[in-house]
Amino acid sequence: MGTWKSRGLRGSMLEDRINHGNQVYREKKLALIQKIPTPITPITIDKETRHITLAYFDQKSTVDYIGIVQGIPVCFDAKECAVETFPLKNIHEHQICFMEEFESQGGIAFILLHFTARDEIYYIPFTDICHFWKRMKDGGRKSFTYEEVDKSFRIRPYRDILVHYLEALQKDLERRNF
């Protein structure tokens, strides 16, 4: 179990951008997506401010977001990468299992990956994640590179939505139907 002593990355800029976009999607009745909080057990609470200052993660979380887009169930995780190579250890086996089960029930699973040095965000379809994961399990590389990411799934801002992933989701759906 991990410990949490400060906000650190828990509320990253990527998640803030996604949360804002999800709110706009909700207001426009395009989607209803919710951030799934990571369950924690408080250990130390500041008596004056009543803020948690030390806590342990209760259990393995599944994914960061879950919801529905125009009748299609979706789940996804938000990841950030400061270099050109994304280590697959940043995706946990229980997350892969959850996304696999989610897709077997007719849902769509994916990852939104922000290459921070380039300030580029990509929608990584679950089929691509599975390919990279299987390669690792078969003894291949334990990461994937920026070059391996399908650039047609780059996410660009649209008006007031900084992480407008619905277009990439539509592209993924079209690709699956062929």
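**Strands β5 and β6.** I began with the pairing of strand β5 (residues 65–69) and β6, and found that the two run antiparallel and are joined by 5 bridges; strands here are DSSP runs of E with at least two residues, helices are runs of H or I with at least four, both numbered from the N terminus, and two strands count as paired if DSSP finds at least two bridges between them. The model is a predicted one, in which I read local features at pLDDT of at least 70 and side-chain atom pairs at pLDDT 80 or more, while totals for chains, interfaces and linings use all residues. Residues are numbered from 1 along each chain as its sequence is written, and side-chain values use heavy atoms, with hydrogens and water left out.

I looked up the partner of Ile 66 and noted Cys 75 in β6. The hairpin of β5 and β6 leaves 2 residues between the strands, and in this hairpin Gln 70 takes a positive phi near 50°.

**The other neighbour of β6.** I then followed β6 to strand β8 (residues 108–115), where the pairing is parallel and extends over 8 bridges; Lys 79 stands opposite Leu 113 in β8. For cover, I recorded that 7 of the 10 residues of β6 (residues 72–81) are buried, where buried means under 20% relative accessible area, exposed over 50%, and partly exposed in between, with a 1.4 Å probe and protein chains only.

**Cysteines.** I searched for disulfides, taken as pairs of cysteine sulfur atoms within 2.5 Å, and the count came to 0. I also checked accessibility: Cys 97 is partly exposed at a relative accessible area of 34%, and Cys 130 is likewise partly exposed, at 25%.

**Whole chain.** I counted 4 helices and 11 strands, and 39% of the 178 residues are buried. With contact meaning heavy atoms within 4.5 Å, 66% of the contacts between residues at least 6 apart in sequence join residues at least 24 apart.

**Second largest pocket.** I noted a volume of about 160 Å³ for this pocket, the volume being the space filled by probe spheres set on grid points joined across faces, edges and corners. A pocket is an open set of points on a 1 Å grid over the protein atoms alone, where a 1.4 Å probe fits, with protein on both sides within 12 Å along at least five of seven lines, and lining residues have an atom within 4 Å of a point. The lining includes Arg 17, Asp 119, Arg 156 and Leu 162, while β9 (120–125) and β11 (154–155) each supply at least two residues.
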